[in-house]
Amino acid sequence: MSAEEVYEKKILDRFSDALIAFVVKIITLFRKDWAKRNKSRIDEWRLMLYALNRSPIGIAGLVLGLGFVIVGIIGPWIAPHSYDFSYIMATGKFKEYYLAPPGTGGALLGTDDLGRDLLSLLLYGARVSLMATVLVLPIGITIGIIIGLIAGYYGGAVDEILMRLTDVFLAFPGLILALAFSSALTQRIALAIAHSQFLTSLISSLFGVKPVDALNVAPILSIIVALWIVWWPGYARMTRGLTLQEKNNVYVEASKALGLSSPSIMFRHILPNVLGPIIVMMTLDIGGVILTEAGLSFLMGAMVKIPDWGAIVQAGSQYLVQGKWWLVIFPGLAILISVLGWNLFGDSLRDILDPRTRRSIEFKIKKRKKIEKGEKQ
Amino acid sequence: MSGPQLREPLIEVKDLYVYFYTYAGIVKAIEDMTFTIYKGEKFCMVGETGCGKSVTSRALANIVPSPGRIVKGKVIYYRDGNPVNILELSEEQLREIRGKEIAYIVQDPSSALDPLYTIGYQIVETMIDHYTVKDWKEGYKRAVELLREVLMPDPEQRIRNYPHELSGGQRQRAVISIGLSNMPRLLIADEPTSSLDVTVQAQLLELLRRLVREHGLTLFLITHDMGVVAEMCDRVAVLYAGNIVELAPVDEIFKNPKHPYTMGLLRAVPNPQADIEKLEPIPGTIPNLIYPPPGCRFHPRCPFARDACKREKPPLVEVSPGHYVRCWLHAE
Amino acid sequence: MADIKRFLARRALTFIPTLIGVTFLAYIIAFAIPANPAQAWAGGIKANPEVVARIIREYHLNDPWYVQYYYFMKGILTNSIIDPRWGYPVMTYMLSRFPITFQLTLFALFFLIVLGIPLGIISALKKDSWIDALVRTWALVGVSVPIFWLGYIFIYIFFYQLGWINIAGIPYPKVHITGVPIIDALLSGEWNIVLENIKRFILPGFTLGFAGIGVIARLVRNSFLEAISSDYIYFARMRGLKYRRIMTHALRNALVPVVTVLGLQFGGLLGGAPITETVFSIPGMGRAMVDAIFSMDFPLLIAGTFLVAIIYVITNLIVDILYAVIDPRVRF
């Protein structure tokens, strides 16, 4: 149609425009004419962001999800108190601090059975949760993508072997497999940390704990390693399926005819085209990782001696039947909000990227500038 | 061939408007549609993709797909001589008519059949729900007969097959036998052969012609193929962008086309009734029906377009007995 | 039926390598175990070195991995891996806990089916109503709620505040037929025990199934919506089928993907069992596995993991067969 289509702009859209301009600028620093050659891709991004701006649920999810990330980063620094109870001991008023309900004694969310401030524990716990997400997903996904690409691209016996392997891992309910691995690995990881000065300081700064407690991060680290083992098969299967579809396209044939190497075709040509669904799945999996990590640390309970949301609930649960609800309710709420945020965001991202719902969203964004009378060619 | 005016009408469409309410806007799919189908005739509707042929046929049993809506008009159906307005019937009354008195044969048999049920089941349920057989056992017997009649090979076996186990031609035969199962008074065939191979197409058209003749059915055939029109029809309506632009007995259309679009259409396809040296495409594309051109909808592509064509929509006028044209060139 | 047999044969062939792989992976967990659990089993730091040496010999802790795998496989196949703490064969011990976990999963599955499927259908039929909003919210919130948290909230409300439920012990019937308390009680007609079991398991079952109910409801909703907007349903309406028959067609098609997802959900339920059993102190397999972690009873932990995997693999096999029975297209 010859009538030009223009966008109806809202405040958030200007924000998105600035964001895209910034990203483009950064890429241009490395590759000179990238922006010119990828004009349609940039337009695509803009349209996606505009669509997101018109989804209140997606925006709410993004705000919650980013909130989780920000609190995770700054949590240990803004926490009013330390996570260990030496400061309580120093006051000598342990009795007053013991299981104080929310709002008493300067503890906004109450205190636990060691007298520690629950809010501070949750802020430290946010860092642990964030680190688990950051350490699990990129590695799990990378393994999955590589295996899926290879299986889908080469096909035949390679595909058969890799997919049977994937089946084996998928034959275990994820949480059970992770539970077994993480409990088996804890001691080995603790040993490794104990023997390395470098690991000790790295881990204590990453997880926001004191260097003496680095050893106590071992259960969390073993959960993280166990989650790598559990997380890749899903991505391997998905990438394989997408690669199989993509492989039939002419451009793959053309790349082969041009003599490009297989890794180059796989990673530079097929991968960018299958990334959309993978990103959606990843967004939805952020919540999954937070939840599974919390579940495992809940089960390992007393073994986890650093503040972690799941472990806090476990420790507090014994006081629930005495009516001390806050030790269970608040950490659980923290998990729920973080997970829900990413799930809401992932859900609307899926709608935006799904070609079936895509068109209706586009029509809501686009407004025709003017209607030409009697359309002529 | 006797003059169609002398015959008894079966269905009359009067001043029909069908709009589609989409995200992009209101698509004015059908406007100002008036025509009559007479008992026992083979009526054809021809036009390009998206011109509203299928929508018109669906409107006859008031089953326009969503988001389409019949905004205005009448569809008078002569039920045993009594005229009823289809558009005013209740859903249950319509259900009794659909599939029993007005039956459809659809374009794409592979998606029209439920993949989870055998074709035998799907033929029989159509009869069971209209009480034309007394039980499932009799139904299956009848289904075998029907399949044999549509020349399905090995019908006793085929009734036990699932749709995906049949070839495209066999699936279409199954759909045709569903259409015939209750011996409808009006059989609406919507591009029944366009998804099939050319050889199968010819066989099926031949079959359809024979069935209509043997059972004395009224046929409403939709096609985009002038060759099929010439072979199958008594009368033909040419559709352009939701309007009937010309309606005439089939010989008249081929020998004496009046509307510029019909003429273009005949030049664009091999014409079986006139020798034309060279095929010529019609310049331009079909208009956007959300913002249809004012006046005559064909004027942007019409070589004879005048000022009046851009301003006002021409009426459908009878230029010779039974020959109607919607064009300012013939409106005087 | 012949193609069902062929399908089964092929499916069984992929089942065997998976099964071998599962034993291998379970073995790798055993291999990842820290250097010296023997000391812990023998009684910690003050353990008698002779006992430690005997345990190392008995469990082949110092042998190379293939020797260990051999003994591991042999132990599993002959059920001769003895629990270092209690001296039972670990498989026997785990299997004795299985009926309780099975009953818990059964309750959860019950909620998934009797709540999830109808909710999905209603929300599809009444699109954009409050029930539709509920289903969509439930699907999103359900997968975001930590189940231990949900469980504790229920305990707080129904146990601490209202005192309606009981969270200790399992009411067993006098008769032992299948080992699953509620089934045995039903079979022997001990109605009060059935009731007690329902009271004891209804909240854990709902907690465990909570996420799944939302997932299933949304899936049913979407696949039902897809089914009723499909061509075959449209054609079914054109054929004038009765409303109930059309709905049956739509429902059967909509439930095809649900079967697969129910199978996957079953894995999720088994995985969630350790948490639910811990929260509601139910002495099932999951609880036994968690206890095993704390006492470093790795043979028991591995036996449990292995058993759960076997159950899950077999369930998936059953689901695949069921899928082939419902959907004729899969049998090829």
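**Sheet, interface and backbone**

Modeller: In this predicted model, α7(B) lies across β6 and β7 of chain B, and its direction is at about 175 degrees to that of β6(B).

Colleague: In what order do the strands of that open sheet in chain B run?

Modeller: The order is β6-β7-β8-β3-β9-β10-β12-β11, which makes 8 strands with mixed pairing. The edges are held by β6 (102-105) and β11 (316-320) of chain B; each has a single partner strand, so one side of each has no neighbour in the sheet. On average, neighbouring strands of this sheet are turned by 20 degrees against each other, direction ignored.

Colleague: Are β7 and β8 of chain B parallel or antiparallel?

Modeller: Strands β7 (residues 186-190) and β8 (residues 218-223) of chain B pair in the parallel sense, over 5 bridges. Within this pair, B:Leu187 has B:Leu219 of β8(B) as its bridge partner.

Colleague: Back to the helix. Where is B:Gln172, and why does it count as buried?

Modeller: B:Gln172 belongs to helix α7 (residues 168-180) of chain B. B:Gln172 is buried because 27 other C-beta atoms lie within 10 Å, the cut-off being 20 or more.

Colleague: Which residues does B:Gln172 contact, leaving aside neighbours within four places in sequence?

Modeller: Those residues are B:Pro109, B:Pro192, B:Leu196 and B:Leu204.

Colleague: A change of topic: how many residues of chain A are in contact with chain C?

Modeller: Chain A has 42 residues in contact with 40 residues of chain C. On the side of chain A that touches chain C, α9(A) gives the most, with 12 residues. By class, that side of chain A has 29 nonpolar, 9 polar and 4 charged residues.

Colleague: Finally, the backbone. Which peptide bond in chain B is cis?

Modeller: The bond from B:Ser66 to B:Pro67 is cis, with omega near 5 degrees. B:Pro67 is in the loop between α1 (53-59) and β4 (68-79) of chain B. That loop also holds B:Asn62, which is not a glycine and yet has a positive phi of about 50 degrees. Most residues other than glycine have a negative phi, and most peptide bonds are trans.

Colleague: Is B:Asn62 buried or exposed?

Modeller: B:Asn62 is buried, as 20 other C-beta atoms lie within 10 Å.

Colleague: And what is the phi of B:Leu151?

Modeller: B:Leu151 has a positive phi of about 60 degrees, although it is not a glycine. B:Leu151 sits in the loop between α5 (136-149) and α6 (155-158) of chain B. With 16 C-beta neighbours inside 10 Å, B:Leu151 counts as partly exposed.

Definitions and conventions: Residues are numbered from 1 along each chain as its sequence is written. Chains are lettered from A and ligands numbered from 1 in the order in which they are written. This is a predicted model: local features need pLDDT of at least 70, side-chain atom pairs count only at pLDDT 80 or more; totals for chains, interfaces and linings use all residues. Helices (H or I, at least four residues) and strands (E, at least two) are DSSP runs, numbered from the N terminus. A residue is buried if 20 or more other C-beta atoms lie within 10 Å of its own, exposed if 12 or fewer, and partly exposed in between; C-beta atoms are placed from the backbone. Two residues are in contact if their C-beta atoms, placed from the backbone, lie within 7 Å. Two strands pair if DSSP finds at least two bridges between them. Axes are lines fitted to C-alpha atoms, for helices over the stretch in contact, and angles run from 0 to 180 degrees between N-to-C directions. Ala, Val, Leu, Ile, Met, Phe, Trp, Tyr, Cys and Pro count as nonpolar, Asp, Glu, Lys and Arg as charged, and the others, Gly among them, as polar.
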